[in-house]
Amino acid sequence: MIEHHFYPLIRKALERDGLDVTVSDVVDTLLDGRAQLWKAKSGQSLAITYFSRDDDGKRVCNGWIIAGDMNEVMNEVIPSMIDQVRDIVDVFRQEGNPAYQRILNKLGFKTTKITMEL
């Protein structure tokens, strides 16, 4: 079960990243097991991921939502998540806010493509 104090964090992240889903949609996706919640020990920061397969068969852990204190997310939540699923995925992928590139590069992520929209 997802704690209710996470709802405002998720709402803020959805607005920040321009994602066209509601907090209820996110909660339903978590409860259905289609996404995974990774939280900081403090309970004040989180990452939400989902698993998929690329056309070439690669198993992917996709970052969907990051919320809370970015230092906690980057220094605790994401490294813990990577350690726990490293053996079951081929690729970790995060799309979204351009600021993630600078932050995630410090964890070893590399930019593989850039999407531009008009």
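User: In which helix does Asp83 lie?

Analyst: Asp83 belongs to helix α3. The model is a predicted one.

User: What makes Asp83 exposed?

Analyst: The relative accessible area of Asp83 is 56%. Exposed requires a value over 50%, so Asp83 is exposed.

User: How do you know that the length of α3 agrees with its number of residues?

Analyst: Helix α3 covers residues 70–85, which is 16 residues.

User: Which residues of α3 are buried?

Analyst: They are Glu72, Val73, Met74, Val77, Ile78, Met81, Ile82 and Val85. An α-helix has 3.6 residues a turn, so residues three or four places apart point the same way.

User: Which contact is found at the start of α3?

Analyst: A side-chain oxygen of Asp69 comes to within 3.1 Å of the backbone nitrogen of Asn71. The backbone nitrogen of Asp69 also takes part in a contact: a polar atom of the Ser45 side chain lies 2.9 Å from it.

User: Why is Ser45 called buried?

Analyst: Ser45 has 0% relative accessibility. Buried means under 20%, so Ser45 counts as buried. Ser45 sits in the loop between β1 (36–39) and β2.

User: What joins the side chains of Ser45 and Glu72?

Analyst: A polar contact of 2.5 Å joins them. The cut-off for such a pair is 3.5 Å. Glu72 is one of the buried residues of α3.

User: Why does Thr49 count as buried, while Arg53 is exposed?

Analyst: Thr49 is in strand β2 (residues 46–53), and Arg53 lies in strand β2 as well. With 2% relative accessibility, Thr49 falls under the limit of 20% and counts as buried. Arg53 has a relative accessible area of 57%, over the limit of 50%, and is therefore exposed.

User: What makes Leu46 and Ile103 buried?

Analyst: Leu46, in strand β2, has 0% relative accessibility and so counts as buried. Ile103, in helix α4 (residues 99–105), has 17%, which is still under 20%, so Ile103 counts as buried too. The C-alpha atom of Leu46 is 17 Å from that of Leu107. Ile103 and Asp83 have C-alpha atoms separated by 18 Å.

User: How are α1 and α2 packed, and why is α1 called roughly perpendicular to α2?

Analyst: Helix α1 (residues 7–17) packs on helix α2 (residues 23–31) at an angle of about 115°, and their axes are 9 Å apart. That makes α1 roughly perpendicular to α2, because angles from 65 to 115 degrees count as roughly perpendicular. The crossing of α1 past α2 is right-handed.

Note on methods: Residues numbered from 1 in each chain as written. Predicted model: local features only at pLDDT ≥ 70, side-chain atom pairs only at ≥ 80, totals over all residues. Heavy atoms only, no water. Helix = DSSP H or I, 4+ residues; strand = E, 2+ residues; numbered from the N terminus. Expected span 1.5 Å × (residues − 1). Buried < 20%, exposed > 50% of the residue type's maximum accessible area, 1.4 Å probe, protein only. Polar contact = N/O pair within 3.5 Å; in protein donor to acceptor, adjacent residues only side chain to side chain. Axes fitted to C-alpha atoms, helices over the stretch in contact; angles between N-to-C directions. Parallel < 35°, antiparallel > 145°, perpendicular 65-115°, else oblique. Left-handed = near helix turned anticlockwise from the far one by under 90°.
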